[in-house]
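Subject: Structure handover and notes

Dear colleague,

I am passing on the structure below, followed by notes on what was found in it. Please read the notes with the model open beside them.

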Amino acid sequence: MALEPIKFEDGVAYERMMGVWSQLVGSKFLKWLSPQKGQSWIDVGCGNGAFTEQIVRHCSPRKVQGIDPSEAQIAFASNRKGARKAVFQMGDAMALPFAIDYFDAATMALVIFFVPDPALGVAEMKRVVRPGGSVAAYAWDVFGGGVPTAPITAALRASNITYPLPPSVNASRMEVLQSLWVDAGLQSVETSVITVERTFINFEELWSTNALSPTLKPVLAELPENTISQLQNAVRERFPADAEGQITYSSHANAIKGLV
């Protein structure tokens with residue numbers, strides 16, 4: 001089965017599938033950054049604005065700019081009530097449409113492994129941030145089983161069913177992130193592993209939510225019903241429900257920050 005490139009075009013589906021996880025990990029990430037208030041920010045690969053909204057809510061920014069290549073995601077983000085202070089536009093992480101030293105802080109939230117050339121993406125963040133400003137990112141630990149879709153992807157691997165990975169998946173490794181930041185000439189580089197957990201009311205919610213992933217949706221759509229049933233049974237065995245039928249599991253992201 002040919003694998004389609006991963007595309008994020010449905011802001012509503014993405015909000016249900018990843019928005020909650022993004023809010024959970026984003027909150028801890030911002031606490032770790034401990035930024036000053038009144039700064040200007042750029043959220044590179046802002047998607048549907050879930051993390052941008054957190055910048056607005058928790059960091060009292062002077063201004064916020066969100067950039068993403070998806071028109072549908074930008075449309076969703078622009079209508080997000082909690083992010084009204086932000087300005088959203090389509091753009092390329094490897095060619096940011098801003099002058100040098102334009103921002104105080106640049107972030108990539110769950111994005112760097114989707115950038116075709118991560119080193120160029122980091123260089124662009126550094127370029128648009130003033131001296132002394134912050135360049136930071138976090139990415140799900142793909143190889144360490146930290147992605148929120150791990151319950152299903154683990155079952156797929158056990159059944160030798162392939163599924164698409166981000167084009168620059170190695171950038172999710174902590175050692176690769178460190179090299180990217182150091183090689184870009186960023187200073188005072190620090191890293192952290194951020195762990196969060198989410199509770200689903202039952203197995204059906206867990207499965208249907210994860211199945212919305214643009215990574216998994218086209219793969220699952222091609223599988224016969226008996227294979228789907230086998231995968232679901234494997235997930236149930238690995239992630240049993242509690243006495244109330246709820247299922248809770250954790251995911252974790254590798255985070256990094258440095259100064260220009």
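Buried, as used here, means under 20% relative accessible area, with exposed meaning over 50% and partly exposed in between, computed with a 1.4 Å probe on protein chains only. Helices (H or I, at least four residues) and strands (E, at least two) are DSSP runs, numbered from the N terminus. The model is a predicted one, in which local features need pLDDT of at least 70 and side-chain atom pairs count only at pLDDT 80 or more, while totals for chains, interfaces and linings use all residues. Residues are numbered from 1 along each chain as its sequence is written, and side-chain values use heavy atoms, with hydrogens and water left out.

Helix α2, which spans residues 50–59, is mostly covered, since eight of its ten residues are buried; these are Ala50, Phe51, Thr52, Glu53, Gln54, Ile55, Val56 and Cys59. After α2 comes Ser60, which has a positive phi, near 45°.

Contact here means heavy atoms within 4.5 Å. Ser22 and Ala50 are 28 residues apart along the chain, and their C-alpha atoms are separated by 6.6 Å. Ser22 is itself buried, its relative accessible area being 5%.

Helix α5 (residues 150–158) is also mostly covered, with seven of its nine residues buried, namely Ala150, Pro151, Ile152, Thr153, Ala154, Ala155 and Leu156. Those buried residues pack against α7 (203–210), α9 and β7 (247–259), and α5 is followed by Asn160, whose phi is positive, near 60°. Thr149 lies in the loop between β5 (129–140) and α5, and counts as buried because its relative accessibility is 9%. With the same exclusion of neighbours within four places, Thr149 contacts Asn210, Ser213 and Leu216.

How do α5 and α9 pack, in terms of angle and axis distance? Helix α9 covers residues 225–238, and the two helices pack at an angle of about 120°, with their axes 9 Å apart, which means that α5 is oblique to α9. Axes are lines fitted to C-alpha atoms, for helices over the stretch in contact, and angles run from 0 to 180 degrees between N-to-C directions; under 35 degrees counts as roughly parallel, over 145 as roughly antiparallel, 65 to 115 as roughly perpendicular, and the rest as oblique. In this contact, Ala150, Pro151, Ile152, Ala154, Ala155 and Leu156 of α5 meet Leu231, Ala234, Val235 and Arg238 of α9. By class, the contact has nine nonpolar, no polar and one charged residues, where Ala, Val, Leu, Ile, Met, Phe, Trp, Tyr, Cys and Pro count as nonpolar, Asp, Glu, Lys and Arg as charged, and the others, Gly among them, as polar.

Finally, the largest nonpolar core has 79 residues, and those with the most contacts inside it are Ile42, Met108, Ile112, Tyr138, Trp140, Trp181 and Trp207. Such a core is a set of buried Ala, Val, Leu, Ile, Met, Phe, Trp, Tyr and Cys residues joined through side-chain atoms within 4.5 Å.

Best regards
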